[in-house]
Amino acid sequence: MPRFYFNILSEAGSLDDWEGTELADLDAARMEAVRDARALMSSALLLGYDIASRSVEIRNETGDILLVLPFSEAVKRIG
């Protein structure tokens, strides 16, 4: 099973995922990114912060960028 890495991007820089997560495919990784973005935005909103301008960058095991999902898109997606 492939391993995907989910880095959080903001204007201040990036928070890199050094561990990664094994998932079936890129679609499963996209859904994981949506769930992660929603959870992070929810927690931030409860503390009074708007982090909707951030993104999740999905990379593969060789470091290639497969997808960049803006947090704002995670709100619009079903799943």
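Is Asp 27 buried, partly exposed or exposed? With a relative accessible area of 47%, Asp 27 is partly exposed, where buried means under 20%, exposed over 50% and partly exposed in between, using a 1.4 Å probe and protein chains only. A word on the ground rules: this is a predicted model, in which local features need pLDDT of at least 70 and side-chain atom pairs count only at pLDDT 80 or more, while totals for chains, interfaces and linings use all residues. Residues are numbered from 1 along each chain as its sequence is written, and side-chain values use heavy atoms, leaving out hydrogens and water.

Let's stay with Asp 27. Its side chain forms a salt bridge with that of Arg 30, at 2.6 Å from N to O; the term requires a side-chain nitrogen of Lys or Arg within 4 Å of a carboxyl oxygen of Asp or Glu. Helices here are DSSP runs of H or I with at least four residues, and strands are runs of E with at least two, numbered from the N terminus. Arg 30 is partly exposed at 21%. Helix α1 also holds Arg 35 and Glu 32, whose salt bridge has its closest N and O atoms 3.1 Å apart.

Now turn to Asn 7 in strand β1 (residues 3–10), which is buried at 6%. Its contacts (heavy atoms within 4.5 Å) include Glu 57 and Arg 59. Those two side chains meet in a salt bridge of 2.8 Å, N to O; Glu 57 is buried at 8%, whereas Arg 59 is partly exposed at 25%.

Key:
Lists of a residue's contacts leave out its neighbours within four places in sequence.
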